[in-house]
Amino acid sequence: MKTQPLLIAASLLAADFARLGDEAKSALAANADWLHLDVMDNHYVPNLSFGAPVCRSLRRFLGDDVFLDVHLMTEPVDSLISPFADAGANRLIFHPEASRHPHRTATAISAADLRCGVALNPATPLSWIDGFLDCVDLVLLMTVNPGFGGQSFIPSVAEKITAARRLLDNAEHPIRLEVDGGINGDTARLCRLAGADTLVAGQHIFSADNYAHAVSALRGNDDA
Ligand code: DX5
Ligand code: ZN
């Protein structure tokens with residue numbers, strides 16, 4: 001299966017929450033392709049962020065064309081599918097460890113007319129996605145342990161990215177390979193070379209003086 005064009009997802013966790021809608025618009029104006037919403041429950045991960053009402057407000061504020069990539073770091077998962085479908089999410093990404101029946105969760109996400117992604121922590125083997133790759137259109141490899149923005153990229157995940165690329169190249173339908181955590185110009189390059197086609201970045205974009213230069217650097221352009 002041919003590699004898909006590179007996409008950049010701006011993680012709003014690093015945005016100024018007091019100006020969230022404007023920050024989201026600025027990231028899109030800076031050529032980010034998607035907005036990435038990190039939902040944390042202080043249970044599956046040791047941090048609390050926001051839930052479906054914030055997704056709903058962003059959808060209303062930004063209109064229908066913006067792609068909202070929602071990363072659920074919550075346990076359980078299933079009870080949040082319907083609230084996020086109602087709130088205008090485009091994709092729900094979940095951690096299989098956080099669901100007692102991951103295949104059922106993936107099926108329920110698709111049944112709610114949402115795209116479905118599965119997220120693997122740095123220490124979670126790729127084999128966790130065996131058995132339900134047919135239900136997902138994105139695999140997210142965590143390149144930090146989930147729960148906080150602004151952490152350092154874990155270099156040992158690079159080998160897993162290469163292995164995942166091989167696996168997804170043999171899948172029967174296109175599946176994006178997304179990386180999330182500690183992505184900056186240097187680590188983005190490493191991930192692209194290893195086969196990632198979707199890069200999530202929070203701090204790198206939202207702490208930059210110029211968001212467009214920051215996004216451009218993730219694509220490997222020299223002007224940043
Ligand atoms: C971490 C989140 C990430 C986070 C990335 O649990 O899933 O999406 O916001 O943030 P940065 O790019 O700042 O490492
Ligand atoms: Zn995330």
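1. Asn 31 counts as exposed, at 52% relative accessibility. Exposed here means over 50% relative accessible area, buried means under 20%, and partly exposed lies in between, with a 1.4 Å probe and protein chains only. Asn 31 sits in the loop between α1 (20-29) and β2. Helices (H or I, at least four residues) and strands (E, at least two) are DSSP runs, numbered from the N terminus. The phi of Asn 31 is near 85 degrees, a positive value in a residue other than glycine.

2. On the basis of the note: this is a predicted model, in which local features need pLDDT of at least 70 and side-chain atom pairs count only at pLDDT 80 or more, while totals for chains, interfaces and linings use all residues. Residues are numbered from 1 along each chain as its sequence is written, chains are lettered from A and ligands numbered from 1 in the order in which they are written, and side-chain values use heavy atoms, with hydrogens and water left out.

3. Asn 42 also deserves a look. Its phi is near 55 degrees, a positive value in a residue other than glycine. Asn 42 lies in the loop between β2 and α2 (52-62), and at 51% relative accessibility Asn 42 counts as exposed. Most residues other than glycine have a negative phi, and most peptide bonds are trans.

4. On the peptide bonds: Glu 75 and Pro 76 are joined by a cis peptide bond, with omega about 0 degrees. Pro 76 belongs to the loop between β3 and α3 (81-86).

5. Next, the ligand. Ligand 1 is surrounded by 20 residues, the closest being Ser 11, Asp 38, Asp 180, Gly 182 and Gly 202. A residue is near a molecule if one of its heavy atoms lies within 4 Å of it. By class, this shell has 8 nonpolar, 10 polar and 2 charged residues. Ala, Val, Leu, Ile, Met, Phe, Trp, Tyr, Cys and Pro count as nonpolar, Asp, Glu, Lys and Arg as charged, and the others, Gly among them, as polar.

6. Which atoms of Asp 180, Gly 202 and Gln 203 approach ligand 1? For Asp 180, an N or O atom in the side chain is 2.6 Å from an oxygen atom of ligand 1. For Gly 202, a backbone N or O atom lies 2.8 Å from an oxygen atom of the ligand. For Gln 203, a backbone N or O atom lies 3.0 Å from an oxygen atom of ligand 1. Of the 380 Å² of accessible area that ligand 1 has on its own, the protein covers 99%. Accessible areas come from the Shrake-Rupley method with a 1.4 Å probe; for residues, only the protein chains shown count as cover.

7. The largest pocket is the space taken by ligand 1. A pocket is an open set of points on a 1 Å grid over the protein atoms alone, where a 1.4 Å probe fits, with protein on both sides within 12 Å along at least five of seven lines. A molecule sits in a pocket if more than half of its atoms lie within 2 Å of its grid points. The elements that give two or more residues to the shell around ligand 1 are β2 (34-40), β3 (67-73) and β8 (198-201). Of these, β2 gives the most, with 3 residues.

8. Phe 67 is found in β3 and counts as buried at 15% relative accessibility. Phe 67 and Ala 9 are 58 residues apart in sequence and 9.2 Å apart in space, C-alpha to C-alpha.

9. The side chain of Ser 99 reaches the backbone nitrogen of His 101 at 3.2 Å. The side chains of Asp 137 and Arg 115 are joined by a polar contact of 2.8 Å.

10. Ala 87 is found in the loop between α3 and β4 and counts as buried at 2% relative accessibility. The C-alpha atoms of Ala 87 and Ala 52, 35 residues apart along the chain, are separated by 5.9 Å.

Key. Polar contact = N/O pair within 3.5 Å; in protein donor to acceptor, adjacent residues only side chain to side chain. 1 Å grid on protein atoms, 1.4 Å probe; cavity = no way out; pocket = protein on both sides within 12 Å on 5 of 7 lines; lining within 4 Å.
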